[in-house]
Amino acid sequence: MNHAILLAGPAAETARLVTYWVLAILSVAAALGMVLARKAVHCALLLAVVMLSLAVFYAMLGAPFLAFVQVIVYTGAVLMLFLFVLMIVGITAADSIIETIRGQRLWASVAGIAMLALLSLVIGHAAIGPAGPNSSKFGNSNVSALANLIFTRYLYPFEITGALLITAAVGAMVLTHRERTKPRPSQRQLAEQRIASGRPTPLPGPGTYAQHNAVDMPALLPDGSQSELSVSEVLSGPGPAAAGELPSGTVGQEAGEQQW
Amino acid sequence: MTGSVHSALAPPAAAITSLHATGIQDAAWLLLAFPIAGAVILLLGGKRTNSFGHLVGVAMPVLAFCEGVACYIQMLGYPAAQRSRDLVMFQFIDVGRFQVPMGIQLDQLSICFVLLITGVGSLIHIFAVGYMSHDPERRRFFGYMNLFLAAMLLLVLANNYLGLYVGWEGVGLASYLLIGFWQYKPAAAVAAKKAFVANRVGDVGLSLAIMLMFTQFGSVTFAGVFAQAPSASHGVTLALGLLLLLGACGKSAQVPLQSWLLDAMEGPTPVSALIHAATMVTAGVYLIVRSAPIFNLSAGAELAVAIVGAVTLLFGAIIGCAKDDIKKALAGSTMSQIGYMMLAAGLGPAGYVFAIAHLLAHGFFKAGLFLGAGSVKHEMDDEVDMRRFGGLATVMPITFVTFTLGYLAIIGIPPLSGFFTKDPIIDAAFAKGGTSGALLGSAALLGAGITAFYMTRVMFMTFTGERRWDDRVHPHEVPPVMTSPMIVLAIGSVAAGGFLILGNRLLNFLGPVTGVPPTSHGIWTPAGSAALVLVLIGAAIAWARYGRREVPVTAPAGGPLTVAARKDLYGDAVNESLLMRPGMWLTRLSVFFDNRGVDGLVNTVAATFGGSSGRLRRVQSGFVRSYALYMLVGAVLLVGTLLLVRL
Amino acid sequence: MVTPAHFIALAVILFVIGAVGVLVRRNAIVVFMCVELMLNAANLAFVAFARMHSALDGQVIAFFVMVVAAAEVVVGLAILTSIFRARRSASVDDANLMKY
C-alpha cells in the first residue's frame, strides 16, 4: 500500500500537483455551491463531492485507512442518513431565498472574510514545514500503526467513544420512538377506515409524460387541472390546508398521518 | 458695728488629702441608699404601694437627713485640716489607664449641701403629702422625688467628676420626669422637653471638660485633677473653666441657657420648690466652687463666670418684674439670685464662701416662698395669675406670715438672711477693683433694687388690696401638713443668714476647702448701705404702683421693656433664630440630600442596571442563527487577539 | 511541490465556507451539512499536520472526530425529526421561543 502512495520522482510530483489543484478547486466550488444551492438535495450531493475529494486528499497525505473510512462511513453512511431525513422532512418553506434576519448575510460575510484573513495570517506566520517522511517506525502498514496507537495511547478515548456511540444510538431510538397508544388496527379495521374515509381507492399516481416521468410530476385531471393528490407531500411541501394545522405531541399517533 | 469680723482666719486652702472614713461616716453610703431604695420601692412596686407610698417617700429623705446630721456631728469632732473623708464604694470603671473609683467624699462643702438637700428636701416632701393629696399619681410623684434626691446627693457626694456627671444626668432626668409629671398637659410635656434639651447643651460642656481632664491629667478624680492642675497650660485651664461654666449655665439656668427655667414652672409646686429653687439649679454653683483649684488658675474663666452671673442677675430680675404668674415671677427671682451666687463664685476665693452662704440661705427662703405660692395656688383652685389674687392675707394668715418673712429675707432687710448673705457679695464685687469690679458691683446693686421692686409687687398683688377672686374659689388656710414645713423654712429664712455669716462661722468651716477672702469687710459697708437704700426705694416704688392703687384684672399694655420682659427678654426668640431654625434647615437639607442624593444615587444604579438590561435583552432574538453569528464574531475576535499577542 | 501548507490553506477555506453556510442557511438539515463540512475541514488539517510531524496521532484524532461526527449526526437528525413532527417545519428560525 505504501508504495502506491509514495511514488518518488518528478512524475509523481507532477501527478500530485495536478491532483491537488484539480480537486482543491473542485471541492471549493462544491462547498460554495452547497452553501448557495436552493434545494436541500443538491446540497447533500455537493457535500458528497467534497467528501470524496477529501478522501483522495487523505490518500495523498499518507492516510489510506482514513481515506477508505471517509468514503465508507462518512460519505456512505452519514450522508445517506442525511438524504433519508431529507426524504422524510421534504420540501418546506425553509428553502426560501429571502433572508428574514436583518443584517445576517452582511455580517456573516464580514465575519467569514475576517476569519479567512486571520487564519491566513496564522498560516503565513506558522512554521508549517515540509512533509516529513512517512512514519514507518512501526514498520508495518498504516492500519497496523493506527491500531497500535488506538489501542495503546488512545485507549481511553476509544472506549469512551464507543460508549458515546451506544448512547447516540439509544438516544436516536428514544427520540424518534412513537408509542402506540391504541392497539394496532387490524386489517379489518384498516379496511373499514378506508371505506369510511370517503376514498376507498388508492391515491392517483404521478403523471407520466413523454419527457418527464419523475415522481414529482403531477397528474392531470379530466378537466386539465393538476391533481394535488398525485404528488407526495414530501416532494411538494405542505399545502395550504396542512399549514395551519398543529398536530398533537411528537410521541402521539396522529389520526390522519400517513402510515409508513 | 465696724471692725474686722474675721477673727481667727483659717489659713488658705492647701491641697487637701482625704483620709478614710470611719465611724458613722463609714455608713455614708446610706445617704444614697435611702432615697434609691425609696425610688425603687415606689416606682417598681407600682399601684400596690399607692396606699403607703407617700409615707415611704417622706421617710427616706428624713432618714437620709438623720444620717447626714450624724455625719456632720462626727465631722465637727475632727480638727479643721482633717475633715475631708473618703469612702470608696466600688470601682466604677477599670479600663487600662482609665480608672474611676466610685466613692463618696465627705468634706465641709459636701456636708453643707447634704444637709441642705436632705433637710429642705424632707420639709418639701412633707408639704407634698398635703399638696398632692388629691392627685391619684401621688405615689409616682414621690418615687420621682426620691430619685431626684438620690441623684442630687450623688452629685454633691461623688469624689470624682464622672460620678458627679452621673448625678448631674440623674437630676436632669428627674427634672424632666417631674416637670412633665402631668403628662396629659401639652404645655407640661413641652416644658419638660425644653428643660432637658437646654440641660443637654450644658452637659456637652461638662462632658467635654471631663474628657479634657482625662486626656490632660489622666484622671478624673478630684484629688487627681486638682493635684495636676497647676502643671497644666493656661489654655487648658481656661478651656476647662469655660467648659465647666457651660455645664453650670445649663443646670443653673444662667444666660445663655436660661430659657427653660420659667417654662419649668409647669410642674407641681413642690417640684419647683425643691428642684428649681433650692437644689438642682444650685448644682452649677456647686460645680464651680468644687472646681475652685481650676478656676483659681485661670483669671479669664473666673471673669467669665462673674460676667455670666452679673448678666443673669439683671436678666432674671427684669423678667420677674413683668410676670403675672406668681410662680414665674419667683422663677425669675431664682434665676437672678443664682446669678448672685455665680457672680460671687466668679470672684475667686474672695467670693466662694459667700456664694455658698447665699446658696444655703436662698435654699431656705426661696423654698419657703415657693411653698407659700403653692399653698395659694392650692387654695385658689390652681389659679396662678396674680391679677386674680388679692387680699389673701386675712384668709391665709400663716401662709402670709411665712411668705412675708421669706420676702423680707430675699430683699435683704436686716437682720434677716438675705442681708447677711447678699451684701458680702456686693462688697466682694467692688473689692475686685478696676472697671470689672465697678461694673459687677454696680450690677449687683442695681439687681438688689430691682429684686425689692418685683418681690414687693408680688406681695402686694397677692396678699393685700382688693379681692379680685374668681367666684368659685373659697380660699382658707391650708392644713397643718402643709403649714408646718413653711413655718420651719420661715425660721430658716430669718436665722440662716446671720447664723452663717456672723462670727465667720461658715468662713471658718469652709475655709480649708474653698479658701478665704484676702480682705475682710464689716457688716455695715458703704456698698451694703447703698444696697439697703436702693432696696427701700424699690419697695417704695412697688408700693406706690401696686399697694396704693388698684391692680387691674387684665394686664395693661405696658411699655417696650415690659413687653420684652413678658416675653422673657426674647430669650425664646433668640434660641429659635439661632438654633431652631438653622437646625430645621439642616434637617431639611439632610432629608433633601438623602432623598435626591443618596436615594438618587442608589436609584440611578438600579435604573442603570434595569435600563441596560432592558436594552441588552433584545440581543436575545430567539434566532439560533443570530447566536451562531455572535459566536463566529467572537471566535474571530479571539483569534485576532491571540494573533496580536503573539505578534 | 505540494506541501502540507497547501492542505492547511484548503482546510481553512473549506472551514470558513462551512461557517458562513451555518449562518446563512435556514433549513436545519442544510445547516447540519455545513457543520459536517467544517468537521471535514478540521479533519483535513489534522491529517496534514500528522503528515508534517511524521506522527500518526493526527490521523487517530481525525478518526475519532469522524466517529463523533457520526454520532452527532445521528442524534441531531433524530431531534430534527421530532421537532419536525411536532411543528411541521424544518426551519431553524421557527424555533425562536427563547426570545426576550
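## Chains C and A together

Buried area is the accessible area (1.4 Å probe) that two parts lose on being put together, summed over both. In this predicted model, chain C and chain A bury about 7,500 Å² between them, and 74% of that area lies on carbon and sulfur atoms. The contact (heavy atoms within 4.5 Å) draws on 67 residues of chain C and 90 residues of chain A.

Let's look at the charged partners. Chain C and chain A share one salt bridge, meaning a side-chain nitrogen of Lys or Arg within 4 Å of a carboxyl oxygen of Asp or Glu. It joins D57(C) to R153(A), with the closest N and O atoms 2.4 Å apart.

## The side of chain C

Which elements give two or more residues to the side of chain C that touches chain A? They are α1 (4–24), α2 (28–53) and α3 (57–87) of chain C, where helices are DSSP runs (H or I, at least four residues) numbered from the N terminus. The largest share, 24 residues, comes from α3(C).

By class, this side has 49 nonpolar, ten polar and eight charged residues. Ala, Val, Leu, Ile, Met, Phe, Trp, Tyr, Cys and Pro count as nonpolar, Asp, Glu, Lys and Arg as charged, and the others, Gly among them, as polar.

## Confidence and conventions

Chain C averages a pLDDT of 90, and 100% of its residues score at least 70; pLDDT is the predictor's confidence in each residue, from 0 to 100. The model scores ipTM 0.92 and pTM 0.66.

Residues are numbered from 1 along each chain as its sequence is written, and chains are lettered from A and ligands numbered from 1 in the order in which they are written. Local features need pLDDT of at least 70, side-chain atom pairs count only at pLDDT 80 or more, and totals for chains, interfaces and linings use all residues, while side-chain values use heavy atoms, with hydrogens and water left out.
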